[in-house]
Amino acid sequence: MSRSRSTRRPTPFRLVSLAVIAVVAALIAYPFARVVWRLFWVDGAPSADPVVRAFTAPGVGELVRDSTLVVVTAGACAVLAGSLLAWLNERTDARIPGVTDIVPLMPFLLPSIAMAIGWTLLLSPGAGLLNVLLRNLLGLVGVEIENGPLNIFSMPGMIFCYFVVLVPYVFLFVSAGLRSMPGDLEEQARVAGAGTARAFRRVTLPGLKPSIAAASVIVVWFGFAMFSIPLIIGTPAQIDVLTVRIVRLINFTYPPRTDLAVSLSLFILVIVGGAWALQVRIMKSGMFAQVGGRGGHASTLRLGRLRWPARVLVAGFLVVSGVLPVLGLLITALNGFWTPDINWSGLGFASFRRVWEDGPTVAAFGNSLLLGAVAGTGIILFAALMAVHVRRSGGVVTRLLEAAIRLPIVVSGFIVVVGMILAYSGPPFALQGTFALFVIAYMATSIPQASIVSDAAAAQVGDDMAEAAAVSGAGEGRTFGRVQLPLMAPGLVAGWTLVFVNITGDMEVASMLGSSRQPVVGFQLLDTYNKGEFADLAAMALMLVLLTTLCVLVGTGLGRRLSGRSERRVRTARNT
């Protein structure tokens with residue numbers, strides 16, 4: 001009993017940790033409170049006017065319909081395809097070592113803005129490079145057409161781009177679920193006479209319901225927060241979605257229609273919140289198979305004749321999601337301008353030189369790199385501190401603060417950014433266009449993702465290590481810095497890498513907060529796109545892809561090295 005009381009007694013480190021968590025929770029929750037206030041209070045009194053304004057806005061029915069159609073259709077296809085690719089990779093001999101593991105990294109190696117630009121250059125109905133190739137091939141068999149045959153500027157084209165971006169997130173969640181689920185039950189079902197398809201339907205799918213539910217929520221969250229694809233693909237197709245309309249009302253309307261932007265945010269709040277509530281209900285109701293016991297590792301299912309078609313399917317997704325868009329970007333950048341008539345002998349690096357010599361673009365890359373490094377480091381260290389504090393202390397206050405910090409995952413970070421503009425742009429903070437506002441915004445949108453990584457890293461550090469340090473006379477602060485952080489380092493490095501890449505390639509926050517006075521990569525890409533300078537746009541996107549790829553490779557290698565070092569440290573500590 002005395003031990004329990006001593007572990008709960010507040011220490012200086014716990015008090016400092018709680019104070020830091022409280023400050024960050026306030027910074028994140030306050031903007032959301034401002035959004036809710038603007039939705040339901042007018043002139044200090046409750047009012048339904050903002051809600052009425054949202055439902056009576058011009059074209060709101062078509063706006064909500066198109067937004068929902070794109071996300072639901074692309075999301076449903078992504079859940080099916082991502083689950084299939086994960087199953088092929090984890091349970092069958094279709095896995096291609098070193099190739100299939102790249103699938104979950106695609107959103108970080110090729111940000112959505114670069115992918116959307118790449119497919120625009122390939123499948124624009126007139127000058128699209130791939131369309132030109134297809135027209136030439138059709139001409140060989142006597143079919144002559146002036147445009148197409150494919151058109152990326154359409155509802156199917158937009159759904160396709162959403163689908164390509166969302167599949168890796170599903171793959172990541174379902175793969176993790178398959179690794180943690182014992183495979184002996186699937187083998188027993190097949191031994192009992194159930195075919196592969198029936199075993200998958202009756203055994204594998206029920207066990208994967210929590211992972212699929214989580215993946216579905218992430219798909220809805222990312223889908224309704226996406227800005228780059230609907231801007232680049234949807235605008236020429238005259239398909240308007242909620243995120244693009246909100247950004248235009250705030251940044252491209254004078255005077256800014258912040259009131260209407262906040263009102264339209266209500267639809268995103270309800271849809272994303274509803275998806276999250278459904279996931280919580282599934283988890284609490286037990287509407288899924290829980291596999292207990294030690295189980296066993298699943299043996300690899302041999303697909304026989306279907307092995308190579310399955311491998312072609314996996315490799316085909318990598319080609320569609322990465323190789324082809326990068327190829328379109330590279331050809332356009334080297335050609336110097338976007339045209340179906342490529343001067344192969346005149347390819348050069350003039351576009352890259354223009355980008356490198358452009359002052360605002362260089363400043364944008366510098367600002368994004370600095371933001372990624374500063375905000376990324378602060379975010380991942382804070383996430384580690386919060387994970388350790390929650391495991392040690394718990395308590396109602398800590399849980400409430402944790403819930404406030406994770407709020408953007410429930411309501412969509414896009415709404416929180418709108419709240420940032422309401423809360424911090426004007427007096428008394430006056431942070432509009434400042435580095436500090438970017439840092440706060442990225443904290444709000446990235447901490448929920450970083451906390452997933454830090455929670456997993458903290459859970460892998462046994463309590464016996466902290467107890468051993470305490471017995472040796474180390475305080476909690478020293479234990480955190482000298483024992484727990486080093487052991488959590490492999491997971492934290494991976495989390496930092498993902499946060500850094502997300503920030504440097506971000507388009508959503510950049511489109512809302514960026515300006516010519518404080519340019520970042522996302523804002524500069526948007527400005528270059530609006531000017532129609534497609535060769536420079538392709539060069540910038542390729543530079544971003546190169547930067548993110550290098551960061552991911554370094555982070556992955558460093559994480560593996562730190563993982564080996566932490567394992568040796570644990571073995572040494574336990575032997576002594």
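Is Gln-238 buried or exposed in this predicted model? The close-up views below take up that residue and several other local features.

**View 1. Gln-238 sits in a loop and has a positive phi.** The loop that holds Gln-238 runs between helix H11 (228-234) and H12. Gln-238 counts as exposed because its relative accessibility is 72%, and exposed means over 50%. Its backbone also stands out. Phi of Gln-238 is near 60°, a positive value, yet the residue is not glycine. Most residues other than glycine have a negative phi.

**View 2. The loop between H19 and H20 holds Ala-430 and Pro-428.** Helix H19 covers residues 413-424, and helix H20 covers 435-459. Pro-428 lies in the loop between them. A cis peptide bond joins Pro-427 to Pro-428. Omega there is about 5°. Most peptide bonds are trans. Ala-430 belongs to the loop between H19 and H20 as well. Its phi is positive, about 55°, although Ala-430 is not a glycine.

**View 3. A nonpolar patch lies on the surface.** Six names make up the patch: Leu-133, Leu-137, Leu-140, Val-141, Val-143 and Ile-145. Together they have about 570 Å² of accessible area. Look at one member, Val-141. Its place is the loop between helix H7 (129-140) and helix H8 (155-180). Is Val-141 buried or exposed? Val-141 has a relative accessible area of 63%. The cut-off for exposed is over 50%, so Val-141 is exposed.

**View 4. The second largest cavity holds about 60 Å³ of space.** The model has two cavities of 30 Å³ or more. Which helices each supply at least two residues of its lining? They are helix H4 (60-91), helix H10 (196-225) and helix H12 (242-251). H4 gives the largest share, with three residues.

**View 5. The lining of the second largest cavity has no charged residues.** Eight of the lining residues are nonpolar, and three are polar.

- Ser-67, Val-70 and Val-71 are part of the lining.
- Tyr-162 also lines the cavity.
- Gly-223, Phe-224 and Met-226 belong to the lining too.
- Val-241, Leu-242, Thr-243 and Ile-268 complete the list.

Note on methods:
Residues numbered from 1 in each chain as written. Predicted model: local features only at pLDDT ≥ 70, side-chain atom pairs only at ≥ 80, totals over all residues. Heavy atoms only, no water. Patch = residues over 30% accessible without salt bridge, like charges linked within 9 Å, V, L, I, M, F, W, Y side chains within 5 Å. Areas by Shrake-Rupley, 256 points an atom, 1.4 Å probe, with all protein chains shown as cover. Salt bridge = Lys/Arg side-chain N within 4 Å of Asp/Glu carboxyl O. Helix = DSSP H or I, 4+ residues; strand = E, 2+ residues; numbered from the N terminus. Buried < 20%, exposed > 50% of the residue type's maximum accessible area, 1.4 Å probe, protein only. 1 Å grid on protein atoms, 1.4 Å probe; cavity = no way out; pocket = protein on both sides within 12 Å on 5 of 7 lines; lining within 4 Å. Points joined across faces, edges and corners; volume = space filled by probe spheres on them. Nonpolar A, V, L, I, M, F, W, Y, C, P; charged D, E, K, R; others polar.
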